[in-house]
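Colleague: I have a few minutes before class. Can you walk me through this model?

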Amino acid sequence: MVGSVRPSVREPAVAGTFYPASAEALGRMVDRMLAEARAPGGPCPKALIVPHAGYVYSGPIAASAFARVAPHGARLSRAVVIAPAHRVALEGVAAPGCDRLRTPLGEIEVDVEALAGVPEVGTSAAAHAQEHAVEVELPFLQRVAPRARIVPLVAGRAPPEHVGAVLDRLWGGPETLVVVSSDLSHYLPYRRARAVDEATARQIEAGGPPLLGEQACGAVGVNGLLHVAGRRELRIERLDLRCSGDTAGPRDEVVGYGAFALYEGAA
């Protein structure tokens with residue numbers, strides 16, 4: 001793991017590119033996507049799998065999952081967000097080593113007390129500094145779970161058992177939401193991508209076997225969650241499955257996006 005001195009605030013790296021830099025514009029955009037998701041009533045998910053591309057591409061798909069949380073947000077005091085490390089080679093799982101995270105919607109407190117109880121998690125400010133895959137989930141959480149402190153994690157090379165052990169330590173009760181940030185296939189032609197992503201979605205719904213990196217850039221986090229989900233007998237529901245060719249991009253090369261909710265207890 002890469003060590004670092006703890007800065008007080010992790011500043012946004014992709015405001016103005018992946019999502020609006022203006023608080024007013026960002027708030028309107030997130031609120032609109034959540035409203036358009038039209039989530040039915042039901043229990044609060046224990047965990048979500050959501051994409052992390054620019055909002056014009058994957059925001060509506062992510063909103064379909066976060067909208068399931070919104071009616072229950074007042075009870076949530078912690079959200080664990082685990083995402084792939086896109087920019088820095090990393091062994092295991094790392095937190096940013098800061099006390100707060102900033103987005104245009106304001107600052108969010110990091111649950112440093114919870115992190116102190118997870119020896120499997122290291123610290124790497126470098127892995128978080130320019131990483132978008134945690135950051136893009138934060139404005140959604142600020143809207144649907146405004147009281148929640150965040151446990152921001154990025155994962156590099158780590159087996160499902162290791163990631164599962166981290167999630168187990170942070171699992172908590174109904175006050176804790178787990179968010180796994182992952183896109184699906186990358187840069188395939190539209191028809192091929194849709195077929196590949198459909199197979200991946202069925203694999204997730206079945207609880208395994210573990211995904212490969214070419215199926216999902218956040219496979220490490222997804223596989224860790226599925227490892228825990230099988231043992232805890234979570235119910236997995238597919239909420240949305242689309243790609244950039246369905247939202248805002250061309251269809252010659254697309255990126256796939258899926259949203260899934262995982263529930264504790266019987267249906």
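**Working chat**

Modeller: Start with Val 196. Leaving aside neighbours within four places in sequence, Val 196 is in contact with Ser 185 and Leu 188. Contact means heavy atoms within 4.5 Å.

Colleague: Where does Val 196 lie?

Modeller: Val 196 lies in helix 8, residues 190-205. Helices (H or I, at least four residues) and strands (E, at least two) are DSSP runs, numbered from the N terminus.

Colleague: Before we go on, what kind of model is this, and how are residues numbered?

Modeller: This is a predicted model: local features need pLDDT of at least 70, side-chain atom pairs count only at pLDDT 80 or more, and totals for chains, interfaces and linings use all residues. Residues are numbered from 1 along each chain as its sequence is written, and side-chain values use heavy atoms, with hydrogens and water left out.

Colleague: Back to Val 196. Buried or exposed?

Modeller: Val 196 counts as buried, because its relative accessibility is 18%. Buried means under 20% relative accessible area, exposed over 50%, and partly exposed in between (1.4 Å probe, protein chains only).

Colleague: How far is Val 196 from Ala 47?

Modeller: In sequence, 149 residues separate Val 196 and Ala 47. In space they are 23 Å apart, C-alpha to C-alpha.

Colleague: Ala 47, then. Which way do the residues of strand 2 point?

Modeller: Strand 2 covers residues 47-50. Ala 47 and Ile 49 point one way, Leu 48 and Val 50 the other, and all are buried. In a regular strand the side chains alternate between the two faces of the sheet.

Colleague: Which strands pair with strand 2?

Modeller: Strand 9 (residues 176-181) pairs with strand 2 in the parallel sense, over four bridges. Ile 49 stands opposite Val 180 there. Strand 12 (residues 254-263) pairs with strand 2 in the antiparallel sense, over three bridges. Leu 48 has Ala 261 as its bridge partner in strand 12. Two strands pair if DSSP finds at least two bridges between them.

Colleague: New topic. What order do the strands of the open sheet have?

Modeller: The open sheet of three strands has the order 1-5-6, with mixed pairing. Strand 1 (9-10) and strand 6 (106-109) are the edge strands, each pairing on one side only.

Colleague: How do strand 1 and strand 5 pair?

Modeller: In the parallel sense, over two bridges, with strand 5 at residues 100-103. Arg 10 has Leu 101 as its bridge partner in strand 5.

Colleague: And what joins strand 5 to strand 6?

Modeller: Four bridges join them, and the two strands run antiparallel. A hairpin also links strand 5 to strand 6 through two residues. Thr 103 has Gly 106 as its bridge partner in strand 6.

Colleague: What about Gly 245? Where is it found?

Modeller: Gly 245 is in helix 10, residues 244-247. Gly 245 counts as buried, because its relative accessibility is 12%. Its contacts, leaving aside neighbours within four places in sequence, are Tyr 190, Pro 250, Arg 251 and Val 254.

Colleague: Now zoom out. How many helices and strands are there?

Modeller: The protein chain has 10 helices and 12 strands. Its radius of gyration is 17 Å, close to the 18 Å from the globule rule for 267 residues, so the chain is as compact as a globular protein of that length. The radius is taken over C-alpha atoms, and the rule is 2.2 Å times the number of residues to the power 0.38.

Colleague: What share of the residues is buried?

Modeller: Buried residues make up 54% of the 267.
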